[in-house]
Amino acid sequence: MKLTILNTYQELSAAVAEQVTELMSGREKPLLCPASGDTPAGLYRVLVEKYKDRKSDVSQWGFVGLDEWVGLNGSDEGSCRYSIDKELLLPLNISGDKICFFDGRATALQQECEAAERFIAQYNGIDVAILGLGMNGHIAMNEPGSAADGRAQIVTLHPVTMQVGQKYFNQPQVLKEGITLGLGTLLESRHIILMVSGKHKAGIVKKMLEEPPTNELPGSLLLNHSSVTIFLDADAAALLSNIY
C-alpha cells in the first residue's frame, strides 16, 4: 500500500490523473474502471483536459462500469452511467464498443453481471480501478459484510447508502438495490487507486487505516493489494495518527 496525502482537492485530482495516465499508457489494450461520484469528478476534468491538449492518447482504452442503481441507467439523470457519460466518456469521444456499463433498468440483471465479467475477461482484466470510499466504508456498492471474493452481483443497499445517494437526484429517489462489481473482481485489478476527500470522510478513513482489516469495512480489504495507492486530501487525512 502506498499512501499519498495532498493539501487540496485540486492537487489530489491532478496527482491521480498523472498516475492513471501513466499506468494506462503502459499497456496495449488497457481497461479502466471509473467510479462515479463527487470525489473523482475533478480527476475526470483533468483527464479530459489532457485529452483535449493532446497530452494523452485514450484511443485504445476500454471502460467498464463499477456500479449502478437498480431501476436506473444512463438515460436517468443522477445515475452512475449518466455521470460518467457526462464527465468522462462523451468528452473523450469513447466509442460504444469500448464501453460496458450495467443497465439497472434491464429485466435480466444477472445477465448484466455476466456481461460485465465477460467484458473484463476480454481485456484480460482491469488495469486501473478508480474507487471511492463510502461513509460506511463501502467500495462501489459492496456494503459492509460483503464477501471478499464476490463477483459482479445484485445487492441490497445499506440505509446509509440509500440516504447519501439522494444527493445525486433532483427529487427523492427510491434506492433499494444496486448492481456492482464484486470485491473479488476489483481485487484482481492490476492497479487500484482509492480517492477520498473531505472532512466528512476523515472518520471512516482513520478507521480503515488504523483498525484491523475486515469485510465489515470493505475499504480495508484493499490494503493488502499488491498495487494499491490511497490518495487523500488534507481534510480526509485530518484524523490520522502522526505516524502518517
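**View 1. Helices α2 and α3 pack at an angle of about 35 degrees, with their axes 9 Å apart.** This is a predicted model, in which local features need pLDDT of at least 70 and side-chain atom pairs count only at pLDDT 80 or more, while totals for chains, interfaces and linings use all residues. Residues are numbered from 1 along each chain as its sequence is written, and side-chain values use heavy atoms, with hydrogens and water left out. Helices (H or I, at least four residues) and strands (E, at least two) are DSSP runs, numbered from the N terminus. Axes are lines fitted to C-alpha atoms, for helices over the stretch in contact, and angles run from 0 to 180 degrees between N-to-C directions. On the α2 side, look for Ala 41, Tyr 44, Leu 47 and Val 48; on the α3 side, for Ile 84, Glu 87 and Leu 88. These residues make the contact, which means heavy atoms within 4.5 Å. Sorted by class, the contact of α2 with α3 has 6 nonpolar, no polar and 1 charged residues. Here Ala, Val, Leu, Ile, Met, Phe, Trp, Tyr, Cys and Pro count as nonpolar, Asp, Glu, Lys and Arg as charged, and the others, Gly among them, as polar.

**View 2. Helix α1 (residues 9-25) meets helix α2 (residues 41-52), their axes coming within 8 Å and crossing at roughly 55 degrees.** α1 and α2 are therefore oblique to each other; angles under 35 degrees count as roughly parallel, over 145 as roughly antiparallel, 65 to 115 as roughly perpendicular and the rest as oblique. The crossing of α1 and α2 is right-handed: a crossing is left-handed if the near helix is turned anticlockwise from the far one by less than a right angle, and right-handed if clockwise. From α1, the contact uses Tyr 9, Ser 13, Ala 14, Val 16, Ala 17, Glu 18, Val 20 and Thr 21. From α2 come Ala 41, Gly 42, Leu 43, Arg 45, Val 46, Leu 47 and Lys 50. By class, the residues of the contact of α1 with α2 divide into 9 nonpolar, 3 polar and 3 charged.

**View 3. Val 46 lies in helix α2 and touches residues including Ala 14.** At 18% relative accessibility, Val 46 counts as buried; buried means under 20% relative accessible area, exposed over 50%, partly exposed in between (1.4 Å probe, protein chains only). Not counting residues up to four places away in sequence, Val 46 touches Ser 13, Ala 14 and Ala 17.

**View 4. The largest nonpolar core has 40 residues.** A nonpolar core is a set of buried Ala, Val, Leu, Ile, Met, Phe, Trp, Tyr and Cys residues joined through side-chain atoms within 4.5 Å. Leu 131, Leu 181, Leu 186, Leu 194 and Leu 232 touch the most other members. At least two residues of this core are supplied by each of β2 (31-33), α4 (109-122), β6 (128-132), α6 (183-187), β9 (191-196), α7 (202-210) and β10 (228-233). Helix α4 gives the largest share, 5 residues. Another core, of 27 residues, lies apart from this one, with Leu 32, Phe 101, Met 195 and Phe 231 among its members.

**View 5. Thr 161 sits in helix α5 (residues 159-164).** At 6% relative accessibility, Thr 161 counts as buried. Leaving aside neighbours within four places in sequence, Thr 161 is in contact with Trp 69, Asn 136, His 138 and Glu 143.

**View 6. Arg 54 has a positive phi of about 60 degrees although it is not a glycine.** Most residues other than glycine have a negative phi. You will find Arg 54 in the loop between α2 and β3 (62-64). At 79% relative accessibility, Arg 54 counts as exposed.

**View 7. Asn 93, a residue other than glycine, also has a positive phi, near 55 degrees.** Asn 93 lies in the loop between α3 (80-89) and β5 (99-100). At 59% relative accessibility, Asn 93 counts as exposed.
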